[in-house]
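Take a walk through the model shown here. We start at one helix, pass through the cores and end at the ligand.

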Amino acid sequence: MKPNFTQKVTNWGNFPVVEKEMRSEDSFKKIKEFVLSHNEVIARGNGRCYGDASLGETIFSTKKLNKFISFDRLNGIIECESGVLLSDVLEISVPQGYFLYVTPGTKFISVGGAIASEVHGKNHHAEGCFSEYVTEFKLMTEDGNIIICSREENSDKFWATIGGMGLTGIILTVKFKLKNIQSAYIRQESIKAENLDEIFRLFEESENWTYTVAWIDCLQKGKNLGRSILMRGEHAFQHELPQNLAKQPLRLKKKLQPTVPFYFPGFVLNALTVKIFNLLYYKKQTKKEVKSFIDYETFFYPLDAITDWNKIYGKSGFIQYQMVIPKEAGKEGMKQILETIAASGNGSFLAVLKLFGKNNPEAYNSFPFEGYTLALDFKVNSKLKKLVDKLDDIVQQFGGRIYLTKDSMSRSSLTNYLKNIQSSKFVSLQHKRIINNNS
Amino acid sequence: MIVLGSTSEVAQAFVEKALQEGEKFERIYLFTSSRETTERFARHIDVKFLQQSEVIEIDLMKEIDYNKFDHVSSNVLFCAAGYLGDGTEEGLYDNRNTEKIININYSKLVPVMNFFAQKFESRRSGTIIGLSSVAGDRGRQSNFIYGSAKAAFTAYLSGLRNYLFDKKVHVLTVKPGFMATKMTEGLPLNPKLTATPKQAADCIYKAFKKQKNVAYVLPVWGIIMMIIRNIPEFIFKKLKL
Ligand SMILES: Cc1cc2nc3c(=O)[nH]c(=O)nc-3n(C[C@H](O)[C@H](O)[C@H](O)COP(=O)(O)OP(=O)(O)OC[C@H]3O[C@@H](n4cnc5c(N)ncnc54)[C@H](O)[C@@H]3O)c2cc1C
């Protein structure tokens with residue numbers, strides 16, 4: 001049996017699926033050999049981007065770069081290899097009273113992926129993107145050399161790599177800051193909004209909250225358009241917690257982890273089931289406003305509670321469509337987008353609305369800018385491309401753009417916004433698709 | 001804990017599992033042929049568990065200086081040293097390949113194991129865990145050099161278990177089937193029969209706690225190997241396994 005590294009690879013949306021060479025090495029020397037001996041390479045973390053960003057002719061998986069290097073417990077500065085997952089970081093940091101400054105909606109992403117996608121969380125308006133807290137990283141460039149990148153050293157590469165989608169090289173190790181917490185719990189308020197106007201008002205009123213996010217029921221029309229639940233939260237102080245939690249404020253109880261065992265057949269998700277799901281989700285909360293203390297896992301990572309939930313969408317897979325529209329035009333844009341989705345009947349199981357704050361102009365490859373962002377999951381089917389086209393029209397008209405890490409079919413005029421990333425070595429299928437299709 | 005073959009992903013996963021479960025070790029001795037990789041791991045467990053360790057280089061293909069590890073003593077020995085080499089079909093007549101497989105999996109390994117076994121015997125406590133292989137359960141045309149070395153190692157572990165029984169030292173033989181590790185990367189393995197290092201570590205830890213004698217990592221391998229062991233030789237010799 002001779003090794004054959006070609007295999008089927010796909011990211012979180014199970015679309016597209018490719019058969020390409022994928023390798024993982026743990027020594028920098030071997031990574032260098034690998035990079036030098038292949039024409040086109042793209043790094044892949046945990047494959048949690050939805051589309052084709054971390055797919056390429058040859059894929060370098062950072063799976064084996066999974067070791068911690070140092071943890072300054074006094075100042076909350078951690079250094080690890082790029083394949084370490086945020087979940088691994090939390091496992092050691094939370095009991096020590098530290099949390100990630102910025103986390104996406106899943107903790108199963110790698111630290112390298114967090115930089116390459118410049119991820120944002122529910123606190124973008126207050127605390128920005130992941131890179132704000134990164135002090136330095138090591139990058140392997142095209143020639144196999146390893147350079148240290150920080151705001152002072154190789155700062156051009158530092159900023160190009162942030163949000164650079166792996167197109168500047170392979171991030172090997174990362175050093176970043178953590179934030180102090182007194183407990184593993186969040187003081188949460190969730191408030192029902194009847195329609196878009198109300199949810200926009202709630203967002204603006206919640207400006208002083210660190211975390212805000214809303215779930216939208218996307219099948220509502222007319223006066224119910226934009227019916228949603230806003231959730232806002234703060235890390236709870238120990239003294240605020242109810243007694244039963246205050247005793248061991250930094251420890252969570254172990255929960256059972258349900259798993260989706262196989263791909264659901266296609267018919268399970270259709271307009272009707274989505275409607276029912278959203279209705280239940282919305283109706284579960286009977287009161288207008290609920291205040292509670294919930295653990296950080298439930299607050300930040302509700303979907304992680306079900307392993308492999310992406311299989312619910314069946315073998316044909318799904319996409320996530322996430323756009324940002326500048327703030328002034330945002331409300332009108334969102335309204336048109338939600339109307340288009342409701343009219344298409346192609347309901348989204350999951351629709352998350354957020355208000356982005358100001359962007360950091362130095363991080364020029366970062367996706368977020370001030371405005372409204374909406375993320376929607378759609379099952380891949382024959383009608384989807386048409387819907388994406390219509391949504392792209394609206395995003396374009398309102399001066400918005402698409403989040404690359406979730407893109408697999410939007411038009412390139414909305415995704416071709418990266419700078420200083422040209423490389424003949426580090427090439428992804430996504431980037432090729434975008435530059436070959438200048439629609 | 002003493003770890004032979006510390007670059008092994010299963011060994012590393014086992015160390016992490018034990019520490020996660022709250023096992024305490026004064027020091028972990030990481031024996032390795034690759035200092036760089038093992039030092040990364042040593043730092044990793046220091047960051048993650050505040051666990052002290054010591055990296056000790058050892059090359060089973062060379063003369064071994066036992067003085068270098070006279071001070072090494074613990075109540076758990078985990079041996080994951082092993083070498084797959086080229087399978088029989090491509091590596092049978094390559095003597096270097098054959099020697100390396102036999103040395104690392106058996107002939108050079110056993111004296112090192114004995115060195116520590118003696119310490120366990122005199123302490124009259126502890127557990128020795130040896131990673132053998134299902135390949136040692138019956139010689140098959142595709143990798144019987146490796147299989148025969150593992151068969152010898154399995155026999156050694158079973159004898160050692162017997163010998164140490166009334167000296168209060170327990171020996172656990174682990175037989176992983178296919179595993180998704182560096183050793184097997186790129187090989188076409190059936191995912192249903194393939195365990196991840198983490199799965200293997202969980203299972204080995206359980207077997208360690210329950211003082212099992214022999215453990216297959218995935219239970220299905222116990223059944224498969226029972227069938228394979230029981231196929232009559234006149235049929236078996238004709239099979240392409
Ligand atoms: C349920 C869910 C919720 C999510 N919520 C959010 C959210 O709230 N906010 C948000 O911003 N994102 C969110 N995401 C997207 C996710 O955070 C990003 O796609 C993230 O980059 C995935 O990291 P990964 O390690 O899986 O990387 P991959 O998906 O494997 O790769 C993503 C990109 O990073 C590059 N890359 C990965 N590792 C390296 C490296 N070592 N060096 C160089 N380049 C590298 C790849 O080339 C690729 O371009 C969510 C995803 C899921 C599945």
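How many residues does helix α2 of chain B have, and how far does it reach from its first C-alpha to its last? Helix α2(B), residues 35-49, has 15 residues and reaches 21 Å, close to the 21 Å expected at 1.5 Å a residue. Helices here are DSSP runs (H or I, at least four residues), and strands are runs of E of at least two. This is a predicted model, where local features need pLDDT of at least 70, side-chain atom pairs count only at pLDDT 80 or more, and totals for chains, interfaces and linings use all residues. Residues are numbered from 1 along each chain as its sequence is written, chains are lettered from A and ligands numbered from 1 in the order written, and side-chain values use heavy atoms, without hydrogens and water.

B:Leu50 follows the helix, with a positive phi near 50°.

Next come the nonpolar cores: buried Ala, Val, Leu, Ile, Met, Phe, Trp, Tyr and Cys joined through side-chain atoms within 4.5 Å. The largest has 69 residues; A:Val89 and A:Phe176 are among those touching the most other members. Apart from it lies another core, of 43 residues, including B:Val15 and B:Cys203.

Finally, the ligand. One of its oxygen atoms is 2.7 Å from a polar backbone atom of A:Gly45. The protein covers 96% of the 960 Å² of accessible area that the ligand has on its own (Shrake-Rupley, 1.4 Å probe).

Note on methods:
Expected span 1.5 Å × (residues − 1). Buried < 20%, exposed > 50% of the residue type's maximum accessible area, 1.4 Å probe, protein only. Polar contact = N/O pair within 3.5 Å; in protein donor to acceptor, adjacent residues only side chain to side chain.
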